[in-house]
Amino acid sequence: ATLVALGNYGRTLSGQGRDAEAEPLQLQRLEISRKVLGPRHPDTLLAMYNYSQTLENLGRSAEAEPVARDCLVWYREALGPQHPDTVD
């Protein structure tokens, strides 16, 4: 429940344009998810995606790009190339 709550609250803040407040929550959610679920678990990958989007919203593209790139590569590996979330 804590992972879900952190993710939901972070997305809510980000949706309100409060990305500076959302960023540490999303990072915390990502770090916990990596430890508990593993770095390539679909829920961890979703947390990575959300975190990369928040970084992008904050104008931190140089930090967002490698997170988003890794997320895409690992989504494709985890879900397969024909999954709706990974089809080009």
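Biologist: How many positive and negative side chains does the protein have, and how far apart do the centres of the two sets lie?

Modeller: There are 9 positive and 12 negative side chains, and the centres of the two sets lie 4 Å apart. Lys and Arg count as positive and Asp and Glu as negative, while His and the chain ends are not counted. Each charge is placed at NZ of Lys, CZ of Arg, CG of Asp or CD of Glu. This is a predicted model, in which local features need pLDDT of at least 70 and side-chain atom pairs count only at pLDDT 80 or more, whereas totals for chains, interfaces and linings use all residues. Residues are numbered from 1 along each chain as its sequence is written, and side-chain values use heavy atoms, with hydrogens and water left out.

Biologist: Why does the radius of gyration agree with a compact globule?

Modeller: The radius is taken over C-alpha atoms, and the globule rule is 2.2 Å times the number of residues to the power 0.38. For 88 residues the rule gives a value near 12 Å, and the protein has 13 Å, so the two agree. The C-alpha trace spans about 35 × 30 × 20 Å along its principal axes.

Biologist: Why is A20 called exposed?

Modeller: Exposed means over 50% relative accessible area, buried under 20%, and partly exposed in between (1.4 Å probe, protein chains only). A20 has 59%, and therefore counts as exposed. A20 lies in helix α2 (residues 19-37). A20 and L58 are 38 residues apart in sequence and 7.1 Å apart in space, C-alpha to C-alpha. Across the protein, buried residues make up 35% of the 88 residues.

Biologist: What makes R18 and E21 a salt bridge?

Modeller: A salt bridge requires a side-chain nitrogen of Lys or Arg within 4 Å of a carboxyl oxygen of Asp or Glu. The closest N and O atoms of R18 and E21 are 2.9 Å apart, and the pair forms a salt bridge. R18 is partly exposed at 33%, and E21 is partly exposed at 39%. By this rule the count comes to five salt bridges.

Biologist: How do you know that R60 forms a salt bridge with E23?

Modeller: The closest N and O atoms of R60 and E23 are 3.9 Å apart, which falls within the 4 Å limit. R60 lies in the loop between α3 (42-57) and α4 (61-79) and E23 in helix α2, so the pair ties together parts that are 37 residues apart in sequence. R60 is partly exposed at 27%, whereas E23 is buried at 13%. R60 also forms a salt bridge with E63, with closest N and O atoms 2.8 Å apart. Salt bridges that share partners join E23, R60 and E63 into one network.

Notes: Helix = DSSP H or I, 4+ residues; strand = E, 2+ residues; numbered from the N terminus.
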